[in-house]
Amino acid sequence: MVDTLQEATTQTSILLIHAPYPGTLKFEGMPGSLLSAVALALPALADADEQVGYLDPRGASEEFYAELRSLARGGSLRVVCVSTSTAAIEEAARVVATIREEAGDRVLLLAGGPHEDDCPQKMAGSISGIDLSIAGDAEHALGWLLPQYVEHGSPPQRFCESLPASLAKRPPPAGRVRLTSPWWPLSTPHLDLDGGPLSFGEIPDRPVTDQHIEFTAFASGSTLPVMISRGCPYGRCIFCSEASPDGRVLVQQRFDWLEELCASRPGHSVYFQDSIFPTTTHVRTTLLPMLSRLGVEWGCQVYLPMLSERTVQLLAHHGCRYVYTGVESGAAAILSSVGKPALTRNLLLERLKWLRRAELRVGLSLMFGALSTEGALLETAETVRETVGLCEEVLEQGTTVAGFYPNVETVLPGTPLATGLDRAGIPLDFYRMPRCPDLDGLEDGGVGYNFLTIDGVHCQEPLRHVAGAIASAATYIQSLVEHDW
Ligand code: B12
């Protein structure tokens with residue numbers, strides 16, 4: 001049975017925090033990174049009578065920090081695990097500072113998540129107050145060290161000092177991790193452990209939270225976001241960090257957990273947030289018939305050039321009602337530069353026709369403000385117009401668009417874009433996420449490095465003009481869609 005985690009209370013001893021986003025989030029979701037990381041540790045923590053609770057404030061607010069203060073002051077906390085994206089890194093630092101102010105040094109503070117995985121500067125070496133940060137497949141490392149810590153009760157510093165020796169004796173059986181601790185000698189701040197590739201068979205099913213999540217793309221009022229794979233089989237978009245370093249994609253082989261989850265939450269729709277929904281033979285013969293049997297409304301993410309008409313029909317036949325996909329831009333030159341040359345206008349319109357014929361709704365993500373890997377702004381007022389024209393054409397051909405989701409390209413650490421900018425001599429500090437009021441209304445626009453906040457991309461009048469054109473295009477495009485399902 002899949003565990004359901006409850007929100008933290010004053011009794012919580014193991015606190016899991018998803019660091020809040022410092023802007024407005026367009027999508028709701030469960031803190032999947034954090035839930036995956038702790039999956040293996042939960043049974044042993046339950047056996048040790050530890051109370052595990054989570055905090056997922058979504059946006060940053062003073063109410064959240066007041067709650068955190070009161071939990072940290074309460075005296076029950078023994079361990080705090082913080083998971084953060086790069087965009088939320090300054091909030092993660094504030095979370096750490098708040099815990100230290102209220103609970104002192106007695107709490108073991110662990111950090112990880114997408115930022116730690118992607119950014120070469122690790123959190124435990126960059127944010128004071130973190131005892132240990134872990135990049136990579138943290139399941140086995142946390143599965144071993146959390147129960148060890150609660151059982152032995154040594155102070156955080158001593159526990160961390162002893163880790164290199166104890167982990168050398170008992171390395172994680174699977175997964176690749178880099179551990180960093182300020183308690184280790186400056187000459188060896190990291191410990192790299194390679195237990196080989198992780199497989200789903202080795203880890204228990206990921207827990208869920210008791211959060212209510214709603215996706216406007218579905219008729220049902222509640223949605224369960226789930227994942228059945230890791231890695232992106234396309235992996236060539238220069239702005240994205242979802243490609244796994246070794247190009248591997250892992251797909252789950254068992255789906256009984258999903259059947260139980262759906263049965264325990266009747267009336268919920270299911271959203272597969274895998275980078276690209278895997279349509280392996282096993283998924284076709286096991287998962288899809290199961291979804292049909294359950295009669296749930298579900299949706300998933302696709303990359304249109306990798307989609308066949310036969311697959312569209314198959315998905316629809318088994319209850320898929322919605323797909324989300326990245327269209328990015330109406331300008332062919334931009335699509336080529338960002339790594340999606342196959343997504344031509346003709347191909348897009350053809351595949352959307354297939355989806356319409358199969359009666360699927362679509363969510364279309366647009367990405368304005370694309371940069372080249374050398375830091376040149378590719379977007380112009382003309383390319384913005386081309387994207388608007390494409391959106392209008394999509395609607396004219398009768399596609400049921402659940403939503404256009406305009407966002408602005410932000411530079412994420414570890415991506416080909418970040419590497420290119422670095423090579424071009426444009427340094428970015430991923431511990432200081434710039435704010436950009438001009439693009440505040442767009443998803444990701446307000447927070448993070450984009451063409452208006454990078455020094456090497458000259459921020460003069462023409463750029464401001466494009467920013468204005470993007471903001472108006474985004475407002476216009478979103479207004480084109482009406483929800484009537
Ligand atoms: C679901 C999801 C969301 C959900 C939940 C967020 C979450 N991270 O749990 C929601 C909708 C809230 C969300 C929002 C955002 N997301 Co998001 N999201 C995802 C998605 C699709 C899946 C995450 C997941 O469950 N992965 C599966 C697990 C198994 O892998 P993992 O994340 O690498 O987790 C492992 C390690 O990081 C580590 N770990 C994780 N947490 C912890 C904690 C500790 C203490 C330790 C020790 C280790 C550890 O162990 C885990 C298991 O191995 C990923 C893309 C992807 N396919 O991964 C993007 C992704 C994480 N999101 C991304 C972004 C940019 C965002 C947003 C900024 C913007 C946006 N437009 O959505 C916001 C930020 C929200 C915030 N509060 O900061 C980027 C992050 C890149 C980065 N360097 O920060 C990703 C990678 C997508 C991309 N385009 O590249 N997202």
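Two residues are in contact if their C-beta atoms, placed from the backbone, lie within 7 Å. The model is predicted: local features need pLDDT of at least 70, side-chain atom pairs count only at pLDDT 80 or more, and totals for chains, interfaces and linings use all residues. Numbering runs from 1 along each chain as its sequence is written.

**View 1. Domain 1 meets domain 2.** The chain splits into domain 1 (4-201) and domain 2 (212-479), with bounds from an automatic or database domain assignment. Contacts join 19 residues of domain 1 to 20 residues of domain 2. On the domain 1 side, helix 4 (89-103) and helix 5 (114-118) each give at least two residues. Helices are DSSP runs (H or I, at least four residues), numbered from the N terminus. The C-alpha centres of the two domains are 29 Å apart.

**View 2. Helix 3 packs on helix 4.** Two packed helices are described by the angle between their axes and the distance between the axes. For helix 3 (residues 62-73) and helix 4, the angle is about 35° and the axes are 8 Å apart. Axes are lines fitted to C-alpha atoms over the stretch in contact; angles run from 0 to 180 degrees between N-to-C directions. Y65, L68, R69, A72 and R73 of helix 3 meet V95, T98, I99, E102 and A103 of helix 4.

**View 3. Contacts of V80.** Beyond its neighbours within four places in sequence, V80 is in contact with L15, I17, I99, V107 and L109.
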